[in-house]
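Hi everyone, thanks for coming.

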Amino acid sequence: MLTRFKPAVFFACLFPFGQLLYYGFTDDLTANPIEYITRFTGSWALILLLASLSVTPLRKILGWNDLIKFRRMLGLFAFFYVLLHFSTYMVLDHFFDFPAIVKDIIKRPYVTAGFTGFVLMIPLAITSTAAMIRRLGKRWQQLHRSVYVVAIAGIIHFYWLVKADIRRPVQYGAVLALLLGCRLVIIWAQRWPRFQKFQLFLSFKSWS
């Protein structure tokens, strides 16, 4: 039933990119367009990454199994915006000056954290196809658990970058902590059935 909304979700995920293009064509990228594009794409990458991580807890809590069909789309769009984010840094900010980029990655902790998250996302994007899921089997699930490390690295990258106004990275961190907490409770309830009160996280019916 929920799958009918996939086209709407697709265009909603694509909308920020269209918005960015519009701002570019209308010369409305603020006084510092490179910084604006970098912040804009990085923020949307984190938002969509957290949205993809929320699919499993919401599916367990609400019992909407069709939500799982949105996870890959959200994850791939998160990678798309991460790729735009890194490309902006590499092309517009450093003009393919690879020695300077390597030096930046080594010496600046926030760049190190961001680059780590980007590198870890590459195998996740490559192995997101149905064929790779079948080929990897159980190893696919083990590999894709690293998405939590990616999210942590991304939030640390954002937190260290902003320095002064840390409200948004803290908000993203709080959402990630909530999602991790929900996942741990779900695992706990599944492994220790005697804690029946935690089963409310596994089915929407438990709320009624």
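**How the helices pack**

The crossing of α2 and α8 is left-handed, meaning that the near helix is turned anticlockwise from the far one by less than a right angle. This is a predicted model, where local features need pLDDT of at least 70, side-chain atom pairs count only at pLDDT 80 or more, and totals for chains, interfaces and linings use all residues. Residues are numbered from 1 along each chain as its sequence is written, and side-chain values use heavy atoms, leaving out hydrogens and water.

Back to our pair: the axes of α2 and α8 come within 11 Å and cross at roughly 145°. Axes here are lines fitted to C-alpha atoms, for helices over the stretch in contact, with angles from 0 to 180 degrees between N-to-C directions.

Now, which residues of α5 are buried? They are V111, A113, G114, G117, F118, M121, L124 and A125, where buried means under 20% relative accessible area with a 1.4 Å probe, protein chains only. Seen down the axis of α5, the buried residues fall within an arc of 155°, so they line one face of the helix. Their cover includes α2, α3, α4, α7 and α8.

Finally, the largest nonpolar core has 37 residues, and L48, L49, L53, M121 and L176 have the most contacts inside it. The largest share, 11 residues, comes from α3. Such a core is a set of buried Ala, Val, Leu, Ile, Met, Phe, Trp, Tyr and Cys residues joined through side-chain atoms within 4.5 Å.

Definitions and conventions
Buried < 20%, exposed > 50% of the residue type's maximum accessible area, 1.4 Å probe, protein only. Helix = DSSP H or I, 4+ residues; strand = E, 2+ residues; numbered from the N terminus. Arc of directions from axis to C-beta. Contact = heavy atoms within 4.5 Å.
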